[in-house]
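Dear colleague,

I am passing on the structure below, together with some notes on what was found in it. Please keep in mind while reading that this is a predicted model.

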Amino acid sequence: MSAHCQLTGRRPGFGHRISHSHRRSKRRFDPNIQTKRYWLPSEGRHVRLALSAKGIKTVDTIGIEAAVARIRARGGKV
């Protein structure tokens, strides 16, 4: 599973790991991606979404129907 949120579009960030002696090496900041299954009443089926923690809170606020509409408007597949 790729590390990006289907709703918010969050992707990994990149930076440096800095040691005590201040030597730098590359690192990756992954978003907190969770796989959630929601019931979609308009289509009469469940959908499985890969969402960040903020994406899950957004679905709770706006509802699954509006969230799926946003994902489809961005060109995402549900």
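In what follows, a residue is called buried when its relative accessible area is under 20%. By that criterion, the buried residues of helix 2, which spans residues 64-73, are Ile64, Ala67, Val68 and Ile71. These residues lie on the same side of helix 2, because the arc they cover around the axis is only 95°. The elements that cover them include strand 3 (33-40), strand 4 (45-52) and helix 1 (53-62). Just after helix 2 comes Gly75, whose phi is positive, at about 90°.

Turning to the two helices, the axes of helix 1 and helix 2 come within 7 Å and cross at roughly 125°. Since angles from 65 to 115 degrees count as roughly perpendicular and those over 145 as roughly antiparallel, helix 1 and helix 2 are therefore oblique to each other. On the helix 1 side, the contact is made by Thr58, Val59 and Ile62, which meet Ile64, Ala66, Ala67 and Arg70 in helix 2. Of the residues in this contact, 5 are nonpolar, 1 is polar and 1 is charged.

Key:
Residues numbered from 1 in each chain as written. Predicted model: local features only at pLDDT ≥ 70, side-chain atom pairs only at ≥ 80, totals over all residues. Heavy atoms only, no water. Buried < 20%, exposed > 50% of the residue type's maximum accessible area, 1.4 Å probe, protein only. Helix = DSSP H or I, 4+ residues; strand = E, 2+ residues; numbered from the N terminus. Arc of directions from axis to C-beta. Contact = heavy atoms within 4.5 Å. Axes fitted to C-alpha atoms, helices over the stretch in contact; angles between N-to-C directions. Parallel < 35°, antiparallel > 145°, perpendicular 65-115°, else oblique. Nonpolar A, V, L, I, M, F, W, Y, C, P; charged D, E, K, R; others polar.
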